Amino acid sequence: MLLQVIFSGILVGFVYSLVAVGLTLIWGVMDVINFAHGDFLTISMYTVFWLYTLLKLDPLVSLPVATGLVFLLSFLTYKLIIKRVINAPGLTALLATFGLSLFIRNLAQYLWTPNYRFIPTSLVADKKLELAGVIIGMPQLVAAVGSIIMTVAVFYFLKYTKTGRAIQATSLDRDTAKLMGVNTEKIYALTFGISGACVGVAGALLATFFPIYPESGALYSLLAFVIVALGGFGNIAGALYGGVLIGLSEALGGYFLGTQFKYAVVFLIYLLVLQFKPKGLFGW
Amino acid sequence: MQEPMLDVQNVTMKFGSLVANENVSFLVKKGEIVSLIGPNGAGKTTLFNCITGFYKPYAGRVFFKGKDITGLPTHRITAMGLTRTFQIVKPLKEMTVKENVLTGAFLRMPTKKEAEKVAEEVLEMTGLYGKKDYLAGSLTIADKKRLEIARVLATKPEMIMLDEAMAGLNQTEIKEAMELCLNLRDRGITLLIVEHIMEAIMPISDRVVVLNAGKKIAEGSPEEVTNNEEVIKAYLGERYHAKGKKS
Amino acid sequence: MDVKKLKFDALVYIFAVIFILPFLSSNANFHHVMIIFLIYAGLGEAWNIITGFGGQTSFGHAAFFGIGAYSSTILFYKFGVSPWLGMLVGIIISTVISAIVSYPCFRLKGHYFAIATLAVAEIIKQIFISWDYVEGATGISIPIVEESLAAMQFHSSKMPYFLIAFGLFIITVLTARYIENSRMGYYLKAIRESHEAAEALGINTTRYKLYAMMVSAALSATFGTLYAQYILYIDPFMVFTMEVSMKIVLLSVLGGLGNIYGPLIGAAILIPLSEYTRVYLGGTGKGVDLIIFGALIILVACFEPNGILGLLKKGVGKRRGLYARTDA
């Protein structure tokens with residue numbers, strides 16, 4: 001039973017990681033806290049849901065569509081909103097993204113009601129895998145694997161492509177990057193887009209086993225904040241490990257203390273870790 | 001027989017495997033102006049940070065007025081009468097010049113009235129009075145450096161450590177800064193100065209300590225140090241003669 | 001000195017206007033908006049002490065608001081203790097809790113601190129949700145008794161609530177103002193501008209941040225008690241929610257940070273806006289009010305990033321010439 005708990009904790013942890021990777025990218029590159037991050041996830045889930053309901057498309061088939069859409073929306077968010085507040089003092093950018101979050105969440109509620117929606121049938125629905133007494137739901141497994149693939153893809157993109165390196169350079173030092181001929185404007189918009197793509201993928205994967213409602217992304221963004229801080233702001237690897245750690249502590253906390261305390265355990269872990277590592281697990 | 005003010009004993013500081021200070025010892029006596037010089041990366045600012053509590057030294061001890069201050073929090077060291085300025089100036093940007101100085105003055109004068117009196121005196125003395133209502137962030141670099149000094153002066157220190165208070169100033173401003181240093185000494189304040197501009201500090205220093213690659217390589221009067229073989233080799237040979245070129 | 005005096009006069013006028021407004025109309029809705037406005041303006045002022053002056057961003061002030069609400073409510077609900085006494089207990093608990101949780105958090109800087117406050121508030125919320133003694137997620141309906149000042153319950157008019165809110169608000173503003181002009185205010189601002197410079201000036205940065213947080217928490221708690229008595233029902237999702245924390249942040253940022261006028265201006269714009277859109281558009285239960293509210297926040301952030309106060313200052317600054325800001 002304990003093994004089961006540990007396993008499912010790790011699986012969901014990888015999804016958390018992916019969401020956090022998206023958040024930490026923006027945070028690291030342009031020092032903006034995107035409060036609407038989770039709401040982009042919600043958009044992805046609804047996209048998948050409607051494609052399923054209206055066109056009978058399987059969530060895994062419509063994943064690229066949802067990802068593309070959220071990428072585009074994030075890109076536009078940068079161009080229309082973030083661009084104007086990125087150099088503003090203090091907490092202004094936060095104000096803007098919070099407004100955006102309110103806007104998206106309530107627009108979803110207006111258009112599609114607060115009701116929970118489900119996608120009852122899909123390629124992975126109701127399938128299970130049994131391994132040495134541990135039962136793993138196929139949707140969870142696929143979500144974890146998909147998240148890992150996307151996380152690794154982002155990681156390699158940043159590390160080995162020219163654009164990726166430009167993003168990293170901008171993250172280290174905006175002004176110097178500019179001097180070196182990096183078009184920071186383009187980089188920012190792209191970073192926002194990639195961040196959106198991360199939750200686009202995560203949202204589509206989650207939609208196979210998670211209820212879809214206007215606030216379904218909210219929980220993920222809250223956890224993502226904690227994960228990002230835990231891993232160190234802007235640290236991709238940190239977000240990956242942080243996500244797994246949080247998934248695990250949530251599952252174990254729920255198992256030992258009761259599900260009502262699982263998030264309390266998560267936040268407690270955060271506070272404890274930062275006592276020893278004030279700049280996150282991988283900060284110094 | 002002057003009494004010792006600051007006594008640095010065998011201070012070593014490491015960052016991981018990088019040794020920034022190795023076994024550095026020296027003494028500053030009451031009423032002296034001592035300069036700490038050395039090429040870039042010699043470990044001067046690190047040593048400052050070790051003395052003033054920003055870092056806890058890896059090994060060694062620091063005594064101020066005979067009391068062990070090693071690893072004490074910075075604010076307690078300041079309260080004991082030893083304070084510092086920063087190489088990279090840290091003006092309290094969104095506060096006015098007067099408010100900056102007032103903040104320092106509150107250390108000894110808890111009421112605003114008394115603190116204001118101290119602040120006005122200090123502003124007068126450092127020549128910032130005319131700019132007291134400017135936002136600190138809007139000052140020129142010379143005035144920001146001056147403000148650094150004014151602010152710590154308001155804490156009524158017995159000893160001030162100046163970290164490159166003259167870098168980036170023009171000739172006139174350097175002259176004024178030198179006069180200010182002498183003026184401070186005449187008021188009984190002991191000074192430890194980190195500086196690159198030799199022609200500015202050699203004339204005013206009583207003694208000079210030379211650091212190179214984290215180690216103390218010489219100590220003595222300005223004349224002694226400038227004639228020291230090792231110092232010339234390490235550092236002065238190229239610098240001291242490059243007079244006037246300093247930007 | 002003259003400028004200071006002028007500012008003080010302005011404050012007196014502002015108080016006077018706020019005080020007179022509800023007497024000009026007998027519209028209960030308007031009175032409601034005024035009460036909520038004062039509660040949030042007060043919360044913003046309290047928050048401003050630690051975040052605006054001290055530069056330590058708190059995303060968790062709902063915790064103190066909630067503790068204030070629950071302290072008085074539990075005492076009244078279980079033991080019939082007057083909410084005024086409950087308010088006092090709330091102040092004490094809130095102050096103690098704030099000291100205990102902030103002390104370790106103050107080792108963290110910048111965003112790490114902000115997220116920590118958010119984490120703390122969420123933990124406290126979870127505790128209340130799962131705590132049977134305080135009725136957990138069900139919440140508590142405050143037993144309705146005959147209206148009296150001692151019971152802090154009024155049923156025939158909202159005016160007494162307004163007067164209490166006004167009193168608490170004035171206490172909060174004057175406290176913030178007193179701090180701003182005292183040694184503590186200067187110290188907090190120094191900490192905000194540069195931690196290291198503050199330490200070098202002999203400021204015990206941890207201690208002053210702690211003081212600021214405690215005062216801020218104590219003041220926030222009083223509004224929690226009032227809110228509970230006004231609504232006569234509380235549950236953890238209402239008072240401990242991140243929405244409350246964020247609303248406080250929003251209105252202060254909107255008004256302008258680090259100045260006692262900021263939260264006041266921010267609340268004066270944000271609260272009527274949100275309450276009236278809710279009244280006129282929220283009835284459908286579809287969230288139209290919040291769609292508009294969200295859009296407006298985005299617009300303000302995009303076009304007046306320095307807050308409303310920044311806008312006003314720009315005008316004044318130009319005339320005075322002194323405050324011409326250079327970034328060099």
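The following exercises, each with a worked solution, concern a predicted model of several chains.

Local features are given only at pLDDT of at least 70 and side-chain atom pairs only at pLDDT 80 or more, whereas totals for chains, interfaces and linings use all residues. Residues are numbered from 1 along each chain as its sequence is written, and chains are lettered from A, with ligands numbered from 1, in the order in which they are written.

**Exercise 1. Describe the fold of chain A and state how its radius of gyration compares with the globule rule.**

Solution. Begin with the secondary structure: chain A has eleven helices and two strands. Helices (H or I, at least four residues) and strands (E, at least two) are DSSP runs, numbered from the N terminus. In sequence order the pattern is α-α-α-α-β-β-α-α-α-α-α-α-α. The radius of gyration of chain A is 18 Å, close to the 19 Å that the globule rule gives for 284 residues, so chain A is as compact as a globular protein of that length. Here the radius is taken over C-alpha atoms, and the rule is 2.2 Å times the number of residues to the power 0.38. The C-alpha trace of chain A spans about 55 × 50 × 35 Å along its principal axes.

Next, consider burial: 57% of the 284 residues in chain A are buried. A residue is buried if 20 or more other C-beta atoms lie within 10 Å of its own, exposed if 12 or fewer, and partly exposed in between, with C-beta atoms placed from the backbone.

**Exercise 2. Determine where Ala251(A) is found and with which residues it is in contact, leaving aside its neighbours within four places in sequence.**

Solution. First, locate the residue: Ala251(A) belongs to helix 10 (residues 236-257) of chain A. Ala251(A) counts as buried because it has 24 C-beta neighbours inside 10 Å. Two residues are in contact if their C-beta atoms, placed from the backbone, lie within 7 Å. With neighbours within four places in sequence left aside, the contacts of Ala251(A) are Val5(A), Ile6(A), Ser8(A) and Gly9(A). Finally, take Ile6(A): its C-alpha lies 6.7 Å from that of Ala251(A), although the two are 245 residues apart in sequence.

**Exercise 3. Characterise the side of chain A that touches chain C.**

Solution. Of the two pairs of chains in contact, chains A and C share the most contacts. In this pair, 36 residues of chain A are in contact with 36 residues of chain C. On the side of chain A, the elements giving two or more residues are helix 3 (59-85), helix 4 (92-112), helix 9 (216-231) and helix 11 (262-276). Helix 4 of chain A provides the largest share, twelve residues. By type, the residues on this side are 27 nonpolar, seven polar and two charged. Ala, Val, Leu, Ile, Met, Phe, Trp, Tyr, Cys and Pro count as nonpolar, Asp, Glu, Lys and Arg as charged, and the others, Gly among them, as polar.
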